[in-house]
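Have a look at the model below, then try each task before you read its solution.

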Amino acid sequence: VAGGLCPSSLSPATMPHMTRGGVKLYQVVGRKAPTEADPKPPAYRMKLFAPNEVIARSRFWYFMHQYRNMKKTTGEILDVNEIREKDPRTIKNYGLWLRYDSRSGTHNMYREYRALKLTKAVDAMYSEMAGRHRTRPRSVQIIRSAVVADEDVKRPNTLQFLEANRAKFPLPHRIQRAPSKKMRSTFLARRPSTHFN
């Protein structure tokens with residue numbers, strides 16, 4: 001549909017780039033090249049996660065060829081913009097709807113992540129999918145992403161950070177340091193007591 005969103009994924013060549021700089025969110029706008037028969041073809045907008053602009057353009061044509069009778073040789077890209085996070089200092093709950101190809105078939109999935117940026121949540125998703133399901137980035141297509149309100153969170157791994165006093169980070173062993181350098185000692189006659197109850 002013109003102006004609509006399509007799923008995004010990464011090409012096989014993007015795996016080395018993911019470990020270095022992570023993915024970025026791009027908005028790519030393109031259309032079929034104008035002809036005498038169709039002087040004003042509709043423009044299509046797509047949001048894609050890719051490590052750089054070149055791969056974002058490539059994935060745009062990959063998906064457009066699947067959904068519309070368009071390809072790179074008969075079309076043109078009007079604009080490519082990187083979409084940045086509006087508030088990268090506030091942690092948010094992100095929901096990701098995705099589709100991935102496993103060894104046995106194609107599966108739909110919903111996952112939740114807590115992150116400062118959507119791109120960081122997508123990086124975490126690719127890492128988790130690789131660890132849990134042995135899924136390559138080229139096999140994952142992100143259908144939709146959204147910020148999930150605290151009351152709408154479903155997954156226990158995300159819920160534990162929302163409920164009061166649920167997630168605790170104890171410091172069981174601490175070494176007490178001397179308050180100043182002149183009170184510091186290289187050797188002591190007793191072992192340090194590191195456990196505090």
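Some notes on the model come first, followed by the exercises with their solutions.

This is a predicted model, in which local features need pLDDT of at least 70 and side-chain atom pairs count only at pLDDT 80 or more, while totals for chains, interfaces and linings use all residues. Residues are numbered from 1 along each chain as its sequence is written, and side-chain values use heavy atoms, with hydrogens and water left out.

**Exercise 1**

Find the partner of Glu82 in a salt bridge, and classify both residues by accessibility.

Step 1. Recall that a salt bridge is a side-chain nitrogen of Lys or Arg within 4 Å of a carboxyl oxygen of Asp or Glu. The structure holds 6 of them.

Step 2. Glu82 pairs with Arg84, with 3.6 Å from N to O.

Step 3. Apply the accessibility classes: buried is under 20% relative accessible area, exposed is over 50%, and partly exposed lies in between (1.4 Å probe, protein chains only). Glu82 has 33% and is partly exposed, whereas Arg84, at 64%, is exposed.

**Exercise 2**

Is Lys92 buried or exposed, and which residue does Lys92 meet in a salt bridge?

Step 1. Lys92 has a relative accessibility of 14%, so it counts as buried.

Step 2. Its salt-bridge partner is Glu85, and the closest N and O atoms are 3.9 Å apart.

Step 3. Glu85 is partly exposed, at 27%.

**Exercise 3**

Work out which elements are tied together by the salt bridge between Glu128 and Arg111.

Step 1. Check the contact: the two side chains meet at 3.0 Å, N to O.

Step 2. Place the residues, using DSSP runs numbered from the N terminus (helices are H or I, at least four residues; strands are E, at least two). Glu128 belongs to helix α3 (residues 118-133) and Arg111 to strand β6 (residues 106-115), so the pair ties together parts that are 17 residues apart in sequence.

Step 3. Look for shared partners: Arg111, Glu128 and Arg132 are joined into one network of salt bridges.

**Exercise 4**

Locate Gln27 and name the residue whose side chain it contacts.

Step 1. Gln27 sits in strand β2 (residues 24-32).

Step 2. With a relative accessible area of 19%, Gln27 is buried.

Step 3. The side chains of Gln27 and Arg45 are joined by a polar contact of 3.3 Å. Such a contact is a pair of N or O atoms within 3.5 Å; within protein, one must be able to donate a hydrogen and the other to accept it, and residues adjacent in sequence count only if both atoms are side-chain atoms.
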